Amino acid sequence: LGAAPTTTGGGGEAEPLFVAVLDIFGFEVFERNGFEQLCINYANERLQQQFNHYVFTLEQAEYAREEIAWDSIDFPDNQDVLDLIE
């Protein structure tokens, strides 16, 4: 890998540029996240998506097929962000 791209800040000093990625459903708050943290967060989001699919989407579809009365559960869907990363 080469040197990180830099820009000169208001004080004329070179500051490294970086890309910030928000951890969608996570709890970590770091001053700076690295590639390793992005991979960990991505894996966690993938697992969360699997959980949501099986526990919410498929179960609610089953309830509808069996005509069971229930209150539909709305949940955040992170698929758009996963698609972006993939």
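A residue is called buried when its relative accessible area is under 20%, exposed when that area is over 50%, and partly exposed in between (1.4 Å probe, protein chains only). This is a predicted model, where local features need pLDDT of at least 70 and side-chain atom pairs count only at pLDDT 80 or more, while totals for chains, interfaces and linings use all residues. Residues are numbered from 1 along each chain as its sequence is written, and side-chain values use heavy atoms, with hydrogens and water left out.

**Exercise 1. Describe the fold of the chain and how much of the chain is buried.**

Step 1. Helices (H or I, at least four residues) and strands (E, at least two) are DSSP runs, numbered from the N terminus. The chain has 2 helices and 2 strands.

Step 2. Reading from the N terminus, the order is β-β-α-α.

Step 3. Buried residues make up 12% of the 86 residues of the chain.

**Exercise 2. Check the span of helix α1 against its number of residues.**

Step 1. The expected span of a helix is 1.5 Å times one less than its number of residues.

Step 2. Now look along the helix: α1 has a kink of about 35 degrees, centred on H53. The bend at a residue is the angle between axes fitted to the seven residues ending there and the seven starting there.

**Exercise 3. Find the buried residues of α1 and what they pack against.**

Step 1. The buried residues in α1 are Q37, N41, E45, Q49, N52, F56 and Q60.

Step 2. The buried residues of α1 pack against α2, which spans 79–85.

**Exercise 4. Is N78 buried or exposed, and which side chain does N78 join in a polar contact?**

Step 1. N78 sits in the loop between α1 and α2.

Step 2. Its relative accessible area is 2%, so N78 is buried.

Step 3. A polar contact is a pair of N or O atoms within 3.5 Å; within protein, one must be able to donate a hydrogen and the other to accept it, and residues adjacent in sequence count only if both atoms are side-chain atoms. The side chains of N78 and E45 are joined by such a contact, of 3.1 Å. E45 is one of the buried residues of α1.

**Exercise 5. Describe aromatic pairs in the structure.**

Step 1. Rings of Phe, Tyr and Trp (its six-membered ring) pair if their centres lie within 6.5 Å; planes under 30 degrees apart count as stacked, over 60 as edge-to-face and the rest as tilted. The structure has 3 aromatic pairs.

Step 2. One of them joins F56 and F75, with 4.9 Å centre to centre and 20 degrees between the planes, and is stacked. This pair links distant parts of the chain, since F56 is in helix α1 and F75 is in the loop between α1 and α2, 19 residues apart.

Step 3. With a relative accessible area of 18%, F56 is buried, whereas F75, at 27%, is partly exposed.

Step 4. Y63 and W70 form an edge-to-face pair, with 5.7 Å centre to centre and 85 degrees between the planes. Y63 is partly exposed at 31% relative accessibility, and W70 is partly exposed at 32%.

Step 5. F51, F56 and F75 are linked into a cluster by ring pairs.

Conventions: Contact = heavy atoms within 4.5 Å.
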